[in-house]
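Subject: Structure for your review

Dear colleague,

Please find below the structure that I am handing over to you. My notes on what was found in it follow.

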Amino acid sequence: MPNLKIVLLDALTFGDTDLSGFEKFGDVKVYQTTSKEQTKDRITDADVIVTNKVVITDELMACAKDLKLICVAATGMNNVDMQAAKQRDIKVKNVAGYSTNSVIQHTFSMLFYLLGHSKYYDESVKNGSYSESEIFTDVSQPFFELNGKKWGVIGLGDIGQGVANIAKAFGADVFYYSTSGRNRNYDYHRTTLSNLLKTCDIISIHAPLNEKTNNLLDYEQLLTCQNKAIILNLGRGGIINEDAVAKIVDEKDISFGLDVFVKEPLDKNSSLLSVKNKDRLYLTPHIAWTSMEAREKLIDGVIANIDSVFN
């Protein structure tokens, strides 16, 4: 194997994950973050680039004369000009499936937070309200069981199927809408998007962002959901209209859990940060993929990709 010059452009996204495995390949430079203006200088002499979200354009590839491999430390490769890489004979490798279990777990974490009114009950004990109660319990914020409820899955890939399996174990009746139109699973009820939105108590999104899913759920579609419905987006931010979510939260008894956004990090002026009924909106900063195990699998996958190309 040649002695490689490897550049990691946005290692901060890996947290405290061990990166020492890259050292066996040669000279490794690790940058916690890399701005658009810094990218060119940092990749000029690189044989291998490792990027999570830093964009690699044709112009940048042209400046990196020794570049042989771009490792995308993620599943989606929309931050790399794939056509330019092909024309320049630069290989591009991603890592698929590393975060499946983590995203499935976070889906249920978001659901139970909203379903069980976790914030309210935690605060009612900690602020002393419970200590002054005349009874031993508090039933002021009612919640329902998953057993017998209808769960709608939008996007029945590996993550969607994993969520469906666990929802079924809780006794939920699972329906799904295939955004590609190709997925079939006879363990669950295949249905239209319109019917899924109108009839399901819980709806979770696990689809990629593409021409078929962009703005898939806008105000008119979301308004058809029934009262008390819980809608979770763990796919991509552009699938659901954020302004529509902010509006409906204050108009109808529907709760939303969002882990992904159109712009990340979320804009300080986002309408999502100005809703009145904040208890119906649970926001997390694109963390569903970030379990310790998932990040370790991701780095192992990137290292394996470098091995596969140069060995």
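Which residue in E5 is the bridge partner of Ile 70? The partner is Val 92. Please bear in mind, here and throughout, that the model is predicted.

Strand E4 covers residues 69–72, and three bridges join E4 to E5, the two running parallel. Both strands belong to an open sheet of five strands, in which the order is E2-E1-E3-E4-E5 and the pairing is parallel. The edges are taken by strand E2 (26–30) and strand E5 (91–93); each has a single partner strand, so one side of each is left without a neighbour in the sheet. From one strand to the next, the twist averages 15°. As background, strands of a sheet pair through backbone hydrogen bonds, either parallel or antiparallel.

**Strand E9 and Ser 204**

Strand E9 comprises residues 202–205 and contains Ser 204. Is Ser 204 buried or exposed? Its relative accessible area is 0%, under the 20% limit for burial, and Ser 204 is therefore buried. Both faces of E9 are covered: Ile 202 and Ser 204 are buried on one side, and Ile 203 and Ile 205 are buried on the other. In general, side chains in a regular strand alternate between the two faces of the sheet.

E9 is joined to strand E6 (residues 150–154) by four bridges, and these strands run parallel. Within this pair, Val 153 stands opposite Ser 204. Four bridges also join E9 to strand E10 (residues 230–233), again in parallel, and Ile 203 has Ile 231 of E10 as its bridge partner.

Leaving aside neighbours within four places in sequence, Ser 204 is in contact with several residues, including Thr 107, Trp 151, Val 163 and Leu 232.

**Helices H4 and H6**

H4 (residues 100–115) and H6 (residues 158–169) pack at an angle of about 45°, with their axes 9 Å apart. The two helices are therefore oblique to each other, and their crossing is right-handed. By class, the contact has seven nonpolar, three polar and one charged residues.

Yours sincerely,
A colleague

Technical notes
Residues are numbered from 1 along each chain as its sequence is written. This is a predicted model: local features need pLDDT of at least 70, side-chain atom pairs count only at pLDDT 80 or more; totals for chains, interfaces and linings use all residues. Side-chain values use heavy atoms; hydrogens and water are left out. Axes are lines fitted to C-alpha atoms, for helices over the stretch in contact, and angles run from 0 to 180 degrees between N-to-C directions. Angles under 35 degrees count as roughly parallel, over 145 as roughly antiparallel, 65 to 115 as roughly perpendicular and the rest as oblique. A crossing is left-handed if the near helix is turned anticlockwise from the far one by less than a right angle, and right-handed if clockwise. Ala, Val, Leu, Ile, Met, Phe, Trp, Tyr, Cys and Pro count as nonpolar, Asp, Glu, Lys and Arg as charged, and the others, Gly among them, as polar. Two strands pair if DSSP finds at least two bridges between them. Buried means under 20% relative accessible area, exposed over 50%, partly exposed in between (1.4 Å probe, protein chains only). Contact means heavy atoms within 4.5 Å.
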